Every structure is written in structure tokens, then in C-alpha cells.
Amino acid sequence: MAGDTIRWRHDIDRAREEAQQGKLVLVDLFNPH
Amino acid sequence: MGAVTYPEPNVASYIEAHFVPVQFNVVERPEVKGQFHAPWTPTLIVEDAEGREHRRSEGYLDPARFLGEMALARLKASLNRFAYDKALALSEEARRLTQGDPAREPEAMYWSAVAAYRASDDVDRLLKMWDKLVDRFPDTEWGKRAAYTRFVK
């Protein structure tokens, strides 16, 4: 467990590569306004 | 989401434990709206390492509904990949984390029944669980989807 902070990535291809370890990818599209 | 849901410790630890989280600001990166076919924000998409989408949610979710949504996403991703034993193992969590959520609790019961059936090949498990779903949530979308079994008995 990595504590209470989410370590967001910003590159979908790298995230998918990382997910090969057995996780799913969660994509969050947001508008700050 | 960023103001209320993500700062919640339970949410952050759940995401870190089960997902590789990727975030895009659509104002700075407008091309991602087309890439993910997402005209609205917030949009949450759960996909696997091959980029296959397993679940999508549009609109704000508070921490409790977010956790239920993610638990359902994990359950559905396992079913979609025919990983029935894993789906069965995840179904209890999906039911627990959706408890009291009128939109998601019936759906969790529906897919938990499917997981139990697929993992055991015992159709009675499906029918009994769907029976409970129809009794408890007869007027919901998922209750109605399960109710057809009563007409074909």
C-alpha cells in the first residue's frame, strides 16, 4: 500500500505497460474549471 | 473528484492497490477527448493492459460510490476476460462496496450471480441469487434483467 496519495501517471502507453504486472488501468479525464 | 473523492484515504489506497492511475487535464490535452471518445468530464475509464475498456463512468462520484464503481469494474474486467474464479473472489467485495447504493448494489448482485454460475457451472446458483435480486430490487434495471428467469421456469 502506497499511503494516502495517488501517484497519477500522465502517459497511457506507459501505464498500460505497467499494468502488465497484473493491475488494471484507471483513466481519469478531468476539466479543472 | 479532485477536491473530495481522491483525497479520501480509502479511495487513494484502493486505487494504489488495484490500478495504475492515469490522469489527463482535457483543457491542457484536448486530444484525449477524441482518443477516449469522451465528450464530458469527469470521465473514468477502466481498461486492461491491452487497452480493452471494461467499464466507464461519466459524472461526479463521491468516495463511497467511487469505491463501488471501481469494485464493479474489477469484477466486470475479470468476467470479460473469462477469469471466473477471480470474478467470484471479487464479487463479495463488489457487493460489500456497493451496499446502500441504489444504482450499483443491484448490479453487483447481478454480476456476482453470473460469476458464481460461471465458476461452478451450476445454474441453480445463478437462479437462486437472481431470485434474491428480484425479491429485493424488483423495480430496478438489474432486477428487471434478472426477472425473466421467473417467466421461463
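Reply: Two residues are in contact if their C-beta atoms, placed from the backbone, lie within 7 Å. This is a predicted model, in which local features need pLDDT of at least 70 and side-chain atom pairs count only at pLDDT 80 or more, while totals for chains, interfaces and linings use all residues. Residues are numbered from 1 along each chain as its sequence is written, and chains are lettered from A and ligands numbered from 1 in the order in which they are written.

Me: Which residues does B:Ala116 touch, not counting residues up to four places away in sequence?
Reply: The contacts of B:Ala116 are B:Leu88, B:Arg125, B:Leu126 and B:Met129. B:Met129 is 13 residues from B:Ala116 along the chain, and their C-alpha atoms are separated by 8.9 Å.

Me: Why does B:Ala116 count as partly exposed?
Reply: A residue is buried if 20 or more other C-beta atoms lie within 10 Å of its own, exposed if 12 or fewer, and partly exposed in between. B:Ala116 has 19 C-beta neighbours inside 10 Å, and therefore counts as partly exposed.

Me: In what order do the strands form the open sheet?
Reply: Two strands pair if DSSP finds at least two bridges between them. Here four strands form an open sheet in the order S1(B)-S1(A)-S2(B)-S3(B), with mixed pairing. S1 and S3 (53-58) of chain B are the edge strands, each pairing on one side only. S1(A) and S1(B) run parallel and are joined by seven bridges; A:Phe30 stands opposite B:Asn25 there. On its pairing with S2(B), strand S1 (residues 24-30) of chain A runs antiparallel, with five bridges. In that pairing A:Leu29 stands opposite B:Thr43, and A:Val27 has B:Ile45 as its bridge partner.

Me: What do S2(B) and S3(B) form?
Reply: They form a hairpin with five residues between them, and B:Gly51 in the turn has a positive phi of about 85°. The two strands run antiparallel and are joined by five bridges, with B:Glu58 in S3(B) as the bridge partner of B:Thr43.

Me: Which residues of S2(B) point one way, and which the other way?
Reply: In a regular strand the side chains alternate between the two faces of the sheet. In S2(B), B:Thr43, B:Ile45 and B:Glu47 point one way and B:Leu44 and B:Val46 the other way. Five of the five residues of S2(B) are buried.

Me: At what angle do H5 and H6 of chain B pack?
Reply: Two packed helices are described by the angle between their axes and the distance between the axes. Axes are lines fitted to C-alpha atoms, for helices over the stretch in contact, and angles run from 0 to 180 degrees between N-to-C directions. H5 (residues 105-120) and H6 (residues 123-136) of chain B pack at about 170°, with their axes 7 Å apart. Angles over 145 degrees count as roughly antiparallel, those under 35 as roughly parallel, 65 to 115 as roughly perpendicular and the rest as oblique. H5(B) and H6(B) are therefore roughly antiparallel.

Me: Which residues are in contact with B:Ala113, leaving aside its neighbours within four places in sequence?
Reply: B:Ala113 is in contact with B:Leu126, B:Met129, B:Trp130 and B:Leu133. B:Ala113 and B:Leu133 are also among the residues with the most contacts inside the largest nonpolar core, which has 51 residues. Such a core is a set of buried Ala, Val, Leu, Ile, Met, Phe, Trp, Tyr and Cys residues joined through C-beta atoms within 7 Å.

Me: How many residues does each chain give to the contact between chain A and chain B?
Reply: Chain B gives 34 residues and chain A gives 26.
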